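Subject: A structure for you to look at

Hello,

I am passing on the structure we talked about, and my notes follow below it. Please have a look at it first, and then read on.

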Amino acid sequence: LRRTNRLNARFLPPKQIYNVFIEPTDFQRRIYHSFLNSKIAQSMLADNVKMTRTVLGTIKKLQSLVNHPFLVRSATQKIEAGFDDANTRAMFEAIDQQDRGLRSNQRPVHAELSGKMALL
């Protein structure tokens with residue numbers, strides 16, 4: 001059964017939107033700065049590239065970083081291009097070292113690494 005917004009509006013309270021600014025964690029900030037220093041970011045900034053799929057994909061990666069730093073890694077723990085410098089790899093390796101020996105479904109989320117998750 002499909003319900004339209006007009007039908008649902010009669011039964012739901014008015015929508016309230018809150019904009020909350022959340023500081024990124026130190027972990028997120030360091031990854032962001034390493035991305036800004038990467039060759040990928042420097043080439044995009046230097047070339048004044050238009051809104052291409054590359055730029056939009058990069059924006060999506062940065063949005064993922066804001067949500068949680070683990071989202072800039074693939075399921076196989078490969079760090080996305082632009083975020084894969086030695087400093088970032090060392091930061092992720094330090095976290096992975098703490099979780100060594102745990103199965104993938106037992107590994108903690110590490111909410112302390114995300115500003116958004118710390119708020120929740």
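Let me start with Q98, which counts as exposed because its relative accessibility is 56% (buried is under 20% relative accessible area, exposed over 50%, and partly exposed in between, with a 1.4 Å probe and protein chains only). Q98 belongs to helix α5, residues 86-98 (helices are DSSP runs of H or I with at least four residues, strands are runs of E with at least two, and both are numbered from the N terminus). From Q98 to P108 there are 10 residues in sequence and 10.0 Å in space, C-alpha to C-alpha.

A word on the source: this is a predicted model, in which local features need pLDDT of at least 70 and side-chain atom pairs count only at pLDDT 80 or more, while totals for chains, interfaces and linings use all residues. Residues are numbered from 1 along each chain as its sequence is written, and side-chain values use heavy atoms, with hydrogens and water left out.

The largest pocket has a volume of about 280 Å³. Of its 13 lining residues, I22, E23, P24, Q28 and V66 are the closest to its centre. Helices α2 (26-36), α4 (53-67) and α6 (115-119) each give at least two residues to this lining, which by class has 8 nonpolar, 2 polar and 3 charged residues.

E23 also takes part in a salt bridge, with R29, at 3.1 Å from N to O (a salt bridge is a side-chain nitrogen of Lys or Arg within 4 Å of a carboxyl oxygen of Asp or Glu). The whole structure has 5 salt bridges. In another, R30 meets D26 at 3.3 Å, N to O; these two are separated by about one helical turn because they are 4 residues apart in helix α2. R30 is partly exposed at 36%, and so is D26 at 47%. R100 pairs with E93, their closest N and O atoms being 2.6 Å apart.

Do look at H110 too, in the loop between α5 and α6. Most residues other than glycine have a negative phi. H110 is not a glycine, yet its phi is positive, about 60°. With a relative accessible area of 7%, H110 is buried.

Finally, L7 sits in helix α1, residues 5-9, and is partly exposed at 31%. L7, F11 and L12 make a nonpolar surface patch with about 330 Å² of accessible area together. (Patch residues have over 30% relative accessible area and no salt bridge; like charges are joined within 9 Å, and nonpolar side chains, meaning Val, Leu, Ile, Met, Phe, Trp and Tyr, within 5 Å. Areas come from the Shrake-Rupley method with a 1.4 Å probe, and for residues only the protein chains shown count as cover.)

Best wishes

Notes
On a 1 Å grid over the protein atoms alone, a cavity is a set of points where a 1.4 Å probe fits but cannot get out, and a pocket is an open set with protein on both sides within 12 Å along at least five of seven lines; lining residues have an atom within 4 Å of a point. Grid points are joined across faces, edges and corners, and a volume is the space filled by probe spheres set on the points. Ala, Val, Leu, Ile, Met, Phe, Trp, Tyr, Cys and Pro count as nonpolar, Asp, Glu, Lys and Arg as charged, and the others, Gly among them, as polar.
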